[in-house]
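Please keep the sequence and the structure in view while reading.

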Amino acid sequence: MSDAYALQSLAFAAARAAESAAIAAHALVGRGDKEAADQAAVDALRTGLNAMPMRGRIVIGEGERDEAPMLYIGEEVGTGQGPEIDIALDPLEGTSLTAKGQPNALAVLSLSPRGGLLHAPDTYMDKIAVGPGLPRGVVDLDNSVEDNIRSLAKAKDCDVTEITACVLERERHAKILSELKRLGCRVILIPDGDVAGVIATTDPDTGIDIYMGQGGAPEGVLAASALRCVGGQMQTRLFFRNDDERARAAKHGVSDLNRKYSLNDLASKDCMFIATGVTDGSLLDGVHFTGEFVETETLIMQSSDKSVRRLFSRKPKG
C-alpha cells in the first residue's frame, strides 16, 4: 500500500475524530475553563483515534508521558492493525479562545507515514511563512523584517504598504510590530492559534501575505504539514529559554540547537492535515446546533495531490 493511499484510506475516520473533539470542546465555549475544554477535546479525540485501523504513534502531543495524562508524546493509538502512522495533534488549538468564546478555535491533527513529522520538543520556535506561488527563498528567517517585507512586495509586484502580516499578539513581538508599522504594512494581530495564522497565508480571501513571529514548536510542525499539502514556504528555528528546554530537545534527538528548519524538514513525507472548527473563524465555521442536529465544518488537506476538501457534516445530537 502506498503512503498516499494509506493516508487517504484514513481520511474520513480522522475527520470524524476531529469532529468529535470539536463538538466535545464546544460544550465548554465561553465557560472560562480552558483546562476542562482541552480535556474534553482530548478524551473525544483519543476515542476517535483508537477506532482507526492503524498503528499510530503520537509524535506531537499534549506533553511527554511523565508530564501529561493526555495524548502524550509516544502514546500508541489505533486498532494496532494497518499502516504505521505518526500523528501530530492539538486537540484544542485555542484553549483560551474557547474559554473566552472567541473565534478561530480548532481541533487539529496531521498524519504522516512513520518518520514523516519532526519530533519537535515542547519549546518555542521562531517562524516565518508565506503562501504558494512565490519564488523559492523569497523570505528568510535570518533576514531582517524590512528585507523580508521588501522581498515579498517585489515578488508580489506591490508596494510594501500593501503587504499584510499576521503576528501573535505578544510582548515579545514588539520589535517586529514596530518595524512593520514603520514600513507601513497592515498587521493582523491574533490572540492565539498560530496554526490558523500560518494557514491563512495560503488563502487569498484572508488577505494575509506573511506570518512571522515566535510560537510553539508543536504548532509549527502542524502548520508545516498544512503548508506541505497546498504549497508555500516556511522556515523555523527552535528557541530555548533555559537548560531544561535544551535538555528536552536533546531527549528528542535534537543535536544542533541553532538549526534552521525548512518546510520539508518539519514535514518530510506525504502528510494529511485535518482541522475542525470549534468556534467560528476565518478558516472554518465552528460547531452549530440546529434543532436536533449538530453541524461541523472540517478541512482535509493532502500533500500527495495538493487536494483541499471541506467536509460539512450534519448528524443527530448525542
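Which residue is the bridge partner of Ile128 in strand 8? In this predicted model, the partner of Ile128 is Met212.

## The sheet

The bridge between Ile128 and Met212 belongs to a setting in which strand 5 (residues 124–130) and strand 8 (residues 210–216) pair in the antiparallel sense, over 7 bridges. Both strands are part of an open sheet of 6 strands, which follow one another in the order 7-6-8-5-9-10 with mixed pairing. Strand 7 (186–190) and strand 10 (260–262) stand at the edges, and because each has a single partner strand, one side of each is left without a neighbour in the sheet. On average, and with direction ignored, neighbouring strands of this sheet are turned by 20° against each other.

## Helices on the sheet

Helix 5 (residues 174–183) packs on the sheet through contacts with strand 6 (164–168), strand 7 and strand 8, and its direction makes about 160° with that of strand 6. Helix 7 (residues 217–230) also packs on the sheet, where it touches strand 5, strand 8 and strand 9 (233–239), while its direction makes about 20° with that of strand 5.

Asp140 lies in the loop between strand 5 and helix 4 (145–156). Its relative accessibility is 19%, and Asp140 therefore counts as buried, the cut-off being under 20%.

When neighbours within four places in sequence are left aside, Asp140 is in contact with Ile128, Asn148, Gln235 and Lys260. With Lys260 there is a polar contact of 2.9 Å, which joins the side chains of the two residues.

Notes:
Residues numbered from 1 in each chain as written. Predicted model: local features only at pLDDT ≥ 70, side-chain atom pairs only at ≥ 80, totals over all residues. Heavy atoms only, no water. Pairing = 2+ DSSP bridges. Helix = DSSP H or I, 4+ residues; strand = E, 2+ residues; numbered from the N terminus. Axes fitted to C-alpha atoms, helices over the stretch in contact; angles between N-to-C directions. Contact = heavy atoms within 4.5 Å. Buried < 20%, exposed > 50% of the residue type's maximum accessible area, 1.4 Å probe, protein only. Polar contact = N/O pair within 3.5 Å; in protein donor to acceptor, adjacent residues only side chain to side chain.
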